[in-house]
Amino acid sequence: MSLHLHDTATRTMREFHPRLAGVASIYVCGATVQGVPHIGHVRGGLNYDVLRRWLVHNGYDVRLVRNVTDIDDKILTKAADAGRPWWEWATAHERAFESAFDRLGCLPPSALPRATGHITQMIELMQRLIDKGHAYAAGGDVYFSVASYAEHYGRLSGQRLDEVQQGESTASGKRDPRDFTLWKAAKPGEPSWPTPWSDGRPGWHLECSAMSTYYLGSEFDIHGGGLDLVFPHHENELAQSTAAGDGFARYWMHNAWVTMSGEKMSKSLGNTVAIPAILQRAAAPEIRYYLVAPHYRSTIEYSEPALAEAISAYRRIDSFVNRVRQRTGEVGHGTVPAEFAAAMDDDLSTPQAIAVVHNAIRESNAALDRGDDRAANEAAASVRTMTDILGLDPLSEQWADTRGADDAAHHALSELVGSMLQQRQQARAERDFATADAVRDRLQACGIAVEDTPDGPLWTLKDG
């Protein structure tokens, strides 16, 4: 089976055929760097990271661009409220976002363009639209004329033209309330850049059209982003880009939200779980597991029990791989089961893919129990490859920093458990089986399983 993706524009599953053979070009709407990132912000980045890894596994040269919106009304407002320069506020929170993506195992994007670095490309796009009669200047602002593109507007979101509301403030220069802003004339004290129409700053929608086509070409393969961006942001991107003559995105993908109490997680509602805070409660790969295990188009309702369940599930994987390594020696990378590949090719069905991982673990544990170390090692190698595609390989170098703390704790635990096992071995040698059993029972009560082998006792943390 070849890769099929759910395309928002056609509302169908479509087989993936890249524009260029062997190359996959992806543009992902990144952060508006107005504050500290929360798990709702980073979910999409993780979802598209999994897509990228699966494409790379299948031999594609992946070019993934994720932008940074570093000029925006909210950035200006929050920076002013904090008494800090807007550029310093944006830069500080850009670093926070990139740190979050990095800590959660996202591969670096091929390019990470900032909106403020691409004003020239935006001016060129606006001029093309004006020349084609799809945009107009008024009072220093520049607007896209929705009516001029009425035949095509709404094809992504399904919006009816007579129901369009852009959510923008009223402006005297607009010819039609449905028109949206490409360029805003600067107000006193605001940052601005010179254009033929005014000194000002870009509208949100213009930025992504200019940056995506600059890096990936006038037509590229996949445009991704959160479900909340379908309208107006992505609808307006599509309209202005195709009206200017660009083929733009061939596939549109949208990840669902992370919610709390049924509402989208957002700073304005005060229902966020910030990345720095959640990293105090769980290790980075455990948080990643929590966010990539559900299907990317399924809403995640955040709760502490759900997070705890994900932590336990990931630890079963981690414990298993390390148990096999301790028992059989080094674990490399192996083959991907057909069931796993079929799940990933079916619109990145990560729940089914992860089920294959856990089935392989159960089979490998059975192999260990019957003494078939070779089969166990092969299964563990397969688990490593599957989890690497998901960005969850417990032995990956990306988790080296995480393992640093874990290894220190494991070393301390190993010393304590080793001392108790010596006591147990001494008791067994003296045929004091009551003491030996008491030591074993105490370890089991603490969640430590002891297996007697020809090479001596082997201890592991029990599943769950």
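Student: Leaving aside neighbours within four places in sequence, which residues is Tyr136 in contact with?
Tutor: Tyr136 is in contact (heavy atoms within 4.5 Å) with Ile130, Asp141, Val142, Tyr143, Ser145, Gly173, Lys174, Arg175, Asp176 and Asp179. This is a predicted model, in which local features need pLDDT of at least 70, side-chain atom pairs count only at pLDDT 80 or more, and totals for chains, interfaces and linings use all residues. Residues are numbered from 1 along each chain as its sequence is written, and side-chain values use heavy atoms, with hydrogens and water left out.

Student: Is Tyr136 buried or exposed?
Tutor: Tyr136 has a relative accessible area of 4% and is buried (under 20% relative accessible area, 1.4 Å probe, protein chains only).

Student: How is Arg175 placed relative to the side chain of Tyr136?
Tutor: A polar atom of the Tyr136 side chain lies 2.8 Å from the backbone nitrogen of Arg175. The C-alpha atoms of these two residues, 39 residues apart along the chain, are separated by 9.2 Å.

Student: Turning to helices, at what angle do H2 and H3 cross?
Tutor: The axes of H2 (residues 73-82) and H3 (residues 86-103) cross at roughly 105° and come within 8 Å. The two helices are therefore roughly perpendicular (65 to 115 degrees).

Student: Which residues make that contact?
Tutor: Ile75, Leu76, Lys78, Ala79 and Ala82 of H2 make the contact with Trp86, Trp89 and Ala90 of H3.

Student: What about the axes of H10 and H11?
Tutor: The axes of H10 (residues 338-345) and H11 (residues 350-369) come within 8 Å and cross at roughly 165°. H10 is thus roughly antiparallel to H11 (over 145 degrees).

Technical notes
Axes fitted to C-alpha atoms, helices over the stretch in contact; angles between N-to-C directions. Helix = DSSP H or I, 4+ residues; strand = E, 2+ residues; numbered from the N terminus. Parallel < 35°, antiparallel > 145°, perpendicular 65-115°, else oblique. Buried < 20%, exposed > 50% of the residue type's maximum accessible area, 1.4 Å probe, protein only. Polar contact = N/O pair within 3.5 Å; in protein donor to acceptor, adjacent residues only side chain to side chain.
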